[in-house]
Amino acid sequence: KRSGIAVEDIKRLLHAVPASLVVFPDTVELLYRLKEKGYPLYCLSNMHFASIEYLEREHTFWDVFQGRVISCRLQLCKPEAAIYEHLLREFGLTAEQTLFIDDVQKNLDAAAKHGIHTLRFENAAQCERELRARGLL
């Protein structure tokens, strides 16, 4: 028991979450357009086992990514420096040529400390506007 919450209650909650996860079609469509432009795309996610396994089982958009770094499988977590280092090393990426898109500012700040370019995601339309402004779309 931690902080007044039983471990079993936490486990039940984490296993109930996947069914409530929603994929936004406009975001998936933007990913495919970026891939069509020739950009290599990689997934860097902090999802729990139950959530990532559910999404991998239920959705086919995973083919858009050339590689995936899933925190629970590595026992690393954004914004830990080691997860960004792993991403760059695992896929032979250079920080200066990498753009990290995330909706959490502390994750973006951590990536920037490694020299990775960053873009704060709010929604697909905003992200597309910012990508266009950077000449990437």
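There are 0 disulfides in this structure, a disulfide being a pair of cysteine sulfur atoms within 2.5 Å. Take Cys-77: the nearest cysteine sulfur belongs to Cys-72 and sits 9.7 Å away. Cys-77 has a relative accessibility of 31%, so it counts as partly exposed; on this scale (1.4 Å probe, protein chains only) buried means under 20% relative accessible area, exposed over 50%, and partly exposed in between. Cys-127, at 2%, is buried.

A word on what you're looking at: this is a predicted model, where local features need pLDDT of at least 70 and side-chain atom pairs count only at pLDDT 80 or more, while totals for chains, interfaces and linings use all residues. Residues are numbered from 1 along each chain as its sequence is written, and side-chain values use heavy atoms, with hydrogens and water left out.

Two packed helices are described by the angle between their axes and the distance between the axes. Helix H2 (residues 25-36) packs on helix H7 (residues 124-133) at about 25°, with the axes 9 Å apart. Helices here are DSSP runs of H or I with at least four residues, strands are E runs of at least two, and both are numbered from the N terminus. The axes are lines fitted to C-alpha atoms, for helices over the stretch in contact, and angles run from 0 to 180 degrees between N-to-C directions. H2 and H7 are therefore roughly parallel, as angles under 35 degrees count as roughly parallel, over 145 as roughly antiparallel, 65 to 115 as roughly perpendicular and the rest as oblique. From H2, the contact (heavy atoms within 4.5 Å) uses Asp-26, Thr-27, Leu-30, Arg-33 and Leu-34, and from H7 it uses Ala-124, Cys-127, Glu-128, Leu-131 and Arg-132.

Leu-30, Leu-34 and Leu-131 turn up again in the largest nonpolar core, among the residues with the most contacts inside its set of 19. Such a core is a set of buried Ala, Val, Leu, Ile, Met, Phe, Trp, Tyr and Cys residues joined through side-chain atoms within 4.5 Å. H2 gives the most to this core, with 4 residues.

His-86 is buried at 15% relative accessible area; setting aside neighbours within four places in sequence, His-86 is in contact with Val-69, Leu-74 and Leu-76.

The loop between H4 and H5 is worth a look for its backbone. Most residues other than glycine have a negative phi, and most peptide bonds are trans. Gln-75, in that loop, has a positive phi near 60°, and with a relative accessible area of 73% it is exposed. Pro-79 sits in this loop too, and the peptide bond from Lys-78 to Pro-79 is cis, with omega near 10°. Just after H5, Gly-92 has a positive phi of about 65°.
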